[in-house]
Amino acid sequence: MNDNQDIQANWIDVIALLETFKSKITEETDLLWTNYNSVQELRSEIDVIDKLLADRDKKGLQFLSYWFAPTGTMQEIAMQNDWIQEYLNLSLKFDTLYENLK
């Protein structure tokens with residue numbers, strides 16, 4: 001692949017990663033340690049980030065970098081809902097993608 005194809009593949013991978021996170025969010029998701037008042041509010045924000053990523057807008061990457069930071073939104077949700085190992089795997093993958101795209 002050339003550099004442009006690599007970059008496009010990385011964007012697609014970041015979007016897929018966000019979709020994986022979104023698939024973990026159910027009506028029963030505990031959001032106690034987050035700033036979100038409801039699952040719908042969280043899903044709405046995910047949709048905004050998804051749109052930014054689809055438009056290849058680096059604001060979406062920046063937002064995800066905060067979510068994936070230690071004690072960030074994703075880690076708090078994962079810990080509270082017993083899927084921390086999957087979060088750690090997603091986080092490692094995101095870190096690599098972020099470095100390639102920032």
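Trainee: Are Phe21 and Trp67 buried or exposed?

Mentor: Both are buried. Keep in mind that this is a predicted model.

Trainee: How do I read two rings like these as a pair?

Mentor: A pair of aromatic rings is described by the distance of the centres and the angle of the planes. Here, Phe21 and Trp67 sit 5.6 Å apart, centre to centre, with 55 degrees between the planes, and the pair is tilted.

Trainee: Which parts of the chain does the Phe21–Trp67 pair tie together?

Mentor: Phe21 belongs to helix H1 (residues 3-24) and Trp67 to helix H3 (residues 58-68), so the pair links parts that are 46 residues apart in sequence.

Trainee: And what is the geometry of Tyr36 with Trp67?

Mentor: That pair is edge-to-face, because the ring centres lie 6.3 Å apart with the planes at 85 degrees. Tyr36 is in the loop between H1 and helix H2 (39-54) while Trp67 is in helix H3, so this pair ties together parts 31 residues apart in sequence. Tyr36 and Trp67 are both buried.

Trainee: How many aromatic pairs are there in the structure?

Mentor: There are 7. One aromatic cluster is formed by Phe21, Tyr36, Phe63, Trp67 and Trp83.

Trainee: OK, zooming out: how many helices and strands does the protein chain have?

Mentor: It's 5 helices and 0 strands. As for burial, 38% of the 102 residues of the protein chain count as buried.

Trainee: What about the radius of gyration of the protein chain?

Mentor: It comes to 13 Å, which agrees with the value near 13 Å that a compact globule of 102 residues would have. Along its principal axes, the C-alpha trace spans about 45 × 25 × 20 Å.

Note on methods: Residues numbered from 1 in each chain as written. Predicted model: local features only at pLDDT ≥ 70, side-chain atom pairs only at ≥ 80, totals over all residues. Heavy atoms only, no water. Phe/Tyr/Trp six-rings, centres within 6.5 Å; stacked < 30°, edge-to-face > 60°. Helix = DSSP H or I, 4+ residues; strand = E, 2+ residues; numbered from the N terminus. Buried < 20%, exposed > 50% of the residue type's maximum accessible area, 1.4 Å probe, protein only. Rg over C-alpha atoms; globule rule 2.2 N^0.38 Å.
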